[in-house]
Amino acid sequence: TLSHLEVQDVDAAIAWAKELGARKVVLVGFSMGAASVVRTAALATLQNENKEFPLYDQGLVVNNVPDAVVSIGGVSHWWYRGSRNMRMMHVAVKYRFGQKFLEKSGRVRLGENTWPDERAENRQKIQPLDPADSVAVIAKRPLLIIQGKFDDYFPRHHGDTLAQRASEVSDSKSEYWFETDMGHAESATTEILVDRIAAWILKSVDSK
């Protein structure tokens, strides 16, 4: 469901990790997963603080707030079609022939369409909480945002927007890495970058 209902899967994974004895849980997400992990952390924070969800997130049960979040190659706002890859992705997910192609070529099964009509006048108010609003909710916890210069899905302004929204929060613990030799998300993540992320995680959760 394109990061809408996936937050419940992520929340269940956090709960399971804690059940198995994990003392700290850090969420790491790539591309659509990046949107899912920042949304999970934000919705869990809002729920624990008894704050209201946007209309299309109401009814979701997301209880578990992670200790830190890493977002890699994520979108900052919904409905983005500014890159060729995202225009193709919208065709793939919106039309039945595209959905069939995804199922056969990528073994990806799309769930029911749980999103509002894109043409709705009040769409911005009712749509699922977007990543930019999400990072503003969670920035007081350790948050690492990573953006590749050569990302051919989400160009630089997505990483810049997420970082700006997070940095505007008082006592923000966010950090932004703009990687000048990196493409999109997991396909462009090197072992060296993985080691840097791991070091950041250990430092961030140990400092709490």
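**View 1. Tyrosine 80 and phenylalanine 154 are both buried.** Buried means under 20% relative accessible area, exposed over 50% and partly exposed in between, with a 1.4 Å probe and protein chains only. This is a predicted model, in which local features need pLDDT of at least 70, side-chain atom pairs count only at pLDDT 80 or more, and totals for chains, interfaces and linings use all residues. Residues are numbered from 1 along each chain as its sequence is written, and side-chain values use heavy atoms, with hydrogens and water left out.

**View 2. Tyrosine 153 and phenylalanine 154 form a tilted aromatic pair.** Rings of Phe, Tyr and Trp (its six-membered ring) pair if their centres lie within 6.5 Å; planes under 30 degrees apart count as stacked, over 60 as edge-to-face and the rest as tilted. In this pair the centres are 6.5 Å apart and the planes are at 55°. Tyrosine 153 counts as partly exposed because its relative accessibility is 25%. Phenylalanine 154 has 6% relative accessibility and therefore counts as buried.

**View 3. A cluster of Trp78, Trp79 and Trp115 is linked by ring pairs.** By the pairing rule, the count comes to five aromatic pairs. One of them is tilted and joins tyrosine 80 to phenylalanine 154, at 6.2 Å centre to centre and 55° between the planes.

**View 4. The charged end of arginine 156 sits over the ring of phenylalanine 178.** A charge sits over a ring if NZ of Lys or CZ of Arg is within 6 Å of the ring centre and within 35 degrees of the ring normal. For arginine 156, the distance from the centre of the phenylalanine 178 ring is 3.9 Å.

**View 5. Arginine 196 has its charged end over the ring of tryptophan 177.** The distance from the ring centre is 4.4 Å.
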